Amino acid sequence: MKPAIVEKYDSIIQQSDLVSRDLSWLKFNERVLDQSKKIHRNVFEKLKFLAITASNLDEFFMIRVGSLYNYLDYDKERVDYSGLREEPFKMKLMDESHKFHVEQHEHFSQTIMPELQSQGVLLCNISKLTDKEQEKVHDYFVKAIYPMLTPMVYDGYRTFPILMNKLLVFGVVTTSPGDRQDMRKMSFVQIPANIPRFFEIEREDSLLLIPIEEVIRENIVSLFRNVQIEGISLFRITRNGDFTLEESEDMDANFLEEVKRKLMERKSGRVVRIEIEEGYSKWMMNSLLERWNLKMDSVFLVKRASLIDFTGLWQIVGNKKFRERLPQTPDPVKPLSYQDEGIADIFDVLKDKDILLHHPYNNIDSILDLVEKASEDPDVMAIKMTIYRLAKDSRITKALLKAAENGKHVSVLFEVKARFDEENNIREAKKLQKAGCFVIYGISHLKTHTKLLLIVRRDGGEISRYVHLGSGNYNEDTARLYTDIGLMTTNEVLANDVSEFFNVITGHSMPSQYKNLITAPRDMRNQLIEYIEKEAENARNGLPSGIFIKVNSLEDSEIIYALYRASQSGVTVKLIVRGICCLRPGRVGLSENIEVLSIVGDFLEHSRIYYFHNNGDTRTYAGSADMMVRSFDKRLEALFKVESPLLEKQLMNILSYNLKDNVNSYVMQEDGSYVAKQAVGDEPQFNVHREFFDLDAGKVMQVQLVQ
C-alpha cells in the first residue's frame, strides 16, 4: 500500500475502541512464531512452533480470509471493528499477512536452517548428493513417485483442472516444436498428499533431507516428452473453507447430506491465496489471477532458499531419531481432590466429594476410566454425552459401543459441524448408531460446543447421577497438549441442570432456569453482563470488587463495553486471553483498569474460567464458552459453577498462576500489539506450564485474587 493510504488506514484503526478480530489473530500467530525464536529452545522445538504457525495461517486464510471474500464476491457490506470497509480492510489484512510471511521465511532461512545443519540435518537439493545417492533418489522417483503423478493440461479442448487445497503443484508451461509462442499450453502436476515430504538419506555423521518437490523437479521432463518446457513454477493454493449450514427439518438425512455437500464444496472453494516460488512464469501467473479473480496482494512469493509449506516440517519433528531431543513433559500428577486416583472406586469417591481435573497436569484417564467402567457396570442404566472432537482411535467410542452391547441406553450428540473434524465425526457417529445408540447429528442452526457427560446408575435402593462437565474435548490425544478443566460430581443441583440441558438438546424442552449452569444461546451473554455490572456497582459503592477471566478469545462487543464501564467505575479487571482479543486495555478514559495477558508456550491454553468477587460472595465458573458472538448466539454452550471450597480455590489459583507467569506471558498494549513479559530484577522465572506439576492443597488454599 502507498504510505499515505497506510497512514490513513492506521489512523482509522487506532481511533476505534475495538481491535479487529482478524488483525488480533495475526498478532496471536506472531506470538506463536516468537516461541520459535526463543533462545532456550532447541532447533526441533523451533521447527515445531514454525510448523504450528503454518497450520494456523492455512486455517486463517481458509476461514477468516475466506469469510471476507464471501462479502467481497457477493457485494455484501461489512464494517470491521477496525472501522474499515471490506476492500480497505482486505488491503490492510493482506499487507500484515505479507509481513508475517516474510518474517516466517527469514526465520527459517537465517536461523533454523543453520541450526539444523549444526545438528547434522541438511535440507539439500539433488546437486549436493554423490553419484550413488543421486542414483538412489532417481530409483525412488521411478518406482514410488512417477506412477502417482498425473500431468493435467489446460487448453482449448480440456477444462481447467480442479487443483486441490494446500497441495504442492508444479505449473509447467510448454510448447510443441515449431509452434508460435501464443500456442503455449499450461499443465499442472499435483504432488499427492500421501508421499512423504522429504526423501531421507543417512550418512555416517548426518541426515540428508531432499524435499520431494526437488526430486520431482529433477525428473519432471519425463512427464513432458518431445515438447519444449518454457517454465516450471512450484506453487500452492489455499481455498475458502468457510461455509454455513442451512437449517434442515430432516436431521438424519437432509442435514447430513448438506454437511457432506459443503465438505465437497470446500475442496473446490474459491482460491484466496497463492504461495509460489520465485522465478515463476508471469504468463501462467496472469492466467491464474484472471481465472481465480485475484490480485497480486494474494500472491505470496517464496525464495528458492526457503520452502513452500512449513507444515511439512512435522516429518522432521516426528522423526524417531530426534524424539529424545524434544523436551519431555513431566508425568501427570494426581488431582488435589483425588489423591487416591487409580486405587479407589471412582463411583464410591464421587458419592462423597467432587473432583476437579486440570489437564494435562492431571491425566484424562480418570474420565476415560469412568466411561469405560460405566460401560461394563451392571448397575449403570444410561450414558449421555456431547462429543465435539475425538481422538482417531478413541477409547470413548469403544466404551460407548461396549455400553450399547451391554444393553445400556446410550445417547450421544455428535457435533458433525466441528470444523475440519466433520468427516471423522460422521464416521464415528454412524458406528454408534449401527450399534443401537441414540445419536443426534448436531442441531442444524447451532453448534453444540458444550462438553457434558451424564451417567445414570442404581446405587442400592436409589438412583444416582454421575456428571462430568468440562472445557475440553473427550480426546485423549489433545488432552496431553491442551490445558483444560473438568469437574466430576454427583451434586444433585448440577446433575439436575445437566439432565435438563440434555432434554433441551435431544428433545423439545426449554427450562425456565438453571441453578448452577449458565447456558447459551439463551442466557449467557446477559448473565455475564449482569455479573460485570454488579462488580461495577460494588466499586462505585466503595465495596471490594474484581473481575478475573481466562478464555481463548474475547470478541463480543456487548461484553467488551460492559468491561469498559466496569473499568471506568474502578473495578480491577484482569483478563488472560490466549488468542483473539478485541478489547483495548489501558486506554485513558476507557479502560485504565483493564490488563490483558496472553499465555503462549509448551501447552495450548484452552480452559475457560470466570471469577467475579461479588463483595466476597464469590461467583466462580468454568466451562466451554469463550466471550464471542458465536459462543453466545450460535452455539450450545455451558458454564458451570464451582462451589466446593478446595475446587474453587484451585480455579482461583489457576488464574493467579497465569497472572504470575513471566516465561510464556505477553502483555497486550493499547494499540493491539503485545510485549513479552520478563522477570524483573532478581525475580525468579515462573513458568506456568511447569508450576502446576508441583502443587499442594496448602499453597492453593492461600490464594487471594482481590486483596
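1. In this predicted model, aspartate 75 counts as exposed, at 73% relative accessibility. Its place is in the loop between α3 and α4, and its phi is positive, about 55°, although aspartate 75 is not a glycine. A colleague looking through the backbone may wish to know which other residue can be described in these terms, and asparagine 293 is one: its phi is near 55°, again a positive value in a residue other than glycine. Asparagine 293 lies in the loop between α8 (282-292) and β9 (299-302), and with 55% relative accessibility it counts as exposed.

2. One joins histidine 359 and proline 360, with omega about 0°, and proline 360 is located in the loop between β10 (355-359) and α11. Another runs from alanine 520 to proline 521, where the peptide bond is cis and omega is near 15°; proline 521 is found in the loop between β18 (517-520) and α15 (524-540).

3. The next point concerns helix packing. Two packed helices are described by the angle between their axes and the distance between the axes. For helix α2 (residues 21-36) and helix α4 (residues 86-118), the axes come within 11 Å and cross at roughly 5°. Angles under 35 degrees count as roughly parallel, so α2 is roughly parallel to α4. On the α2 side the contact is made by Asp22, Leu23, Leu26, Asn29, Glu30, Leu33 and Ser36, while α4 contributes Phe89, Lys92, Leu93, Glu96, Ser97, Phe100, Glu103, Gln104, His107 and Ile112. Sorted by class, the contact of α2 with α4 has 7 nonpolar, 5 polar and 5 charged residues.

4. As to the interior, in soluble globular proteins nonpolar side chains tend to be buried together. Here the largest nonpolar core has 104 residues, and of these Phe235 and Ile274 touch the most other members. Which helix gives the most to this core? Helix α3 (residues 43-73) does, with 13 residues. Apart from this core lies another, of 49 residues, among them Tyr361, Leu413, Tyr514 and Leu636.

5. Phenylalanine 49 is found in helix α3. Is phenylalanine 49 buried or exposed? With a relative accessible area of 3%, phenylalanine 49 is buried. Leaving out residues up to four places away in sequence, phenylalanine 49 touches Val32, Gln35, Ser36, Arg41, Gly601 and Asp602.

6. Serine 375 lies in helix α11 (residues 365-376). Although serine carries a polar side-chain atom that makes a backbone contact here, with the backbone oxygen of glutamate 372 lying 2.6 Å from it, serine 375 is buried, its relative accessible area being 2%. When residues up to four places away in sequence are not counted, serine 375 touches Ile383, Ala399, Lys402, Ala403, Asn406 and Lys408.

7. Arginine 587 is found in the loop between β20 (573-577) and β21 (594-599). Is this arginine buried or exposed? Arginine 587 is buried, with a relative accessible area of 13%, which falls under the 20% cut-off for that description. A polar atom of the side chain of arginine 587 lies 3.1 Å from the backbone oxygen of serine 16. Once neighbours within four places in sequence are left aside, arginine 587 is in contact with Gln14, Gln15, Ser16, Asp17, Glu592 and Glu670.

8. Finally, glutamate 537 is found in helix α15, and glutamate 537 is partly exposed, with a relative accessible area of 35%.

Notes. Residues are numbered from 1 along each chain as its sequence is written. This is a predicted model: local features need pLDDT of at least 70, side-chain atom pairs count only at pLDDT 80 or more; totals for chains, interfaces and linings use all residues. Side-chain values use heavy atoms; hydrogens and water are left out. Axes are lines fitted to C-alpha atoms, for helices over the stretch in contact, and angles run from 0 to 180 degrees between N-to-C directions. Helices (H or I, at least four residues) and strands (E, at least two) are DSSP runs, numbered from the N terminus. Angles under 35 degrees count as roughly parallel, over 145 as roughly antiparallel, 65 to 115 as roughly perpendicular and the rest as oblique. Contact means heavy atoms within 4.5 Å. Ala, Val, Leu, Ile, Met, Phe, Trp, Tyr, Cys and Pro count as nonpolar, Asp, Glu, Lys and Arg as charged, and the others, Gly among them, as polar. A nonpolar core is a set of buried Ala, Val, Leu, Ile, Met, Phe, Trp, Tyr and Cys residues joined through side-chain atoms within 4.5 Å. Buried means under 20% relative accessible area, exposed over 50%, partly exposed in between (1.4 Å probe, protein chains only). A polar contact is a pair of N or O atoms within 3.5 Å; within protein, one must be able to donate a hydrogen and the other to accept it, and residues adjacent in sequence count only if both atoms are side-chain atoms.
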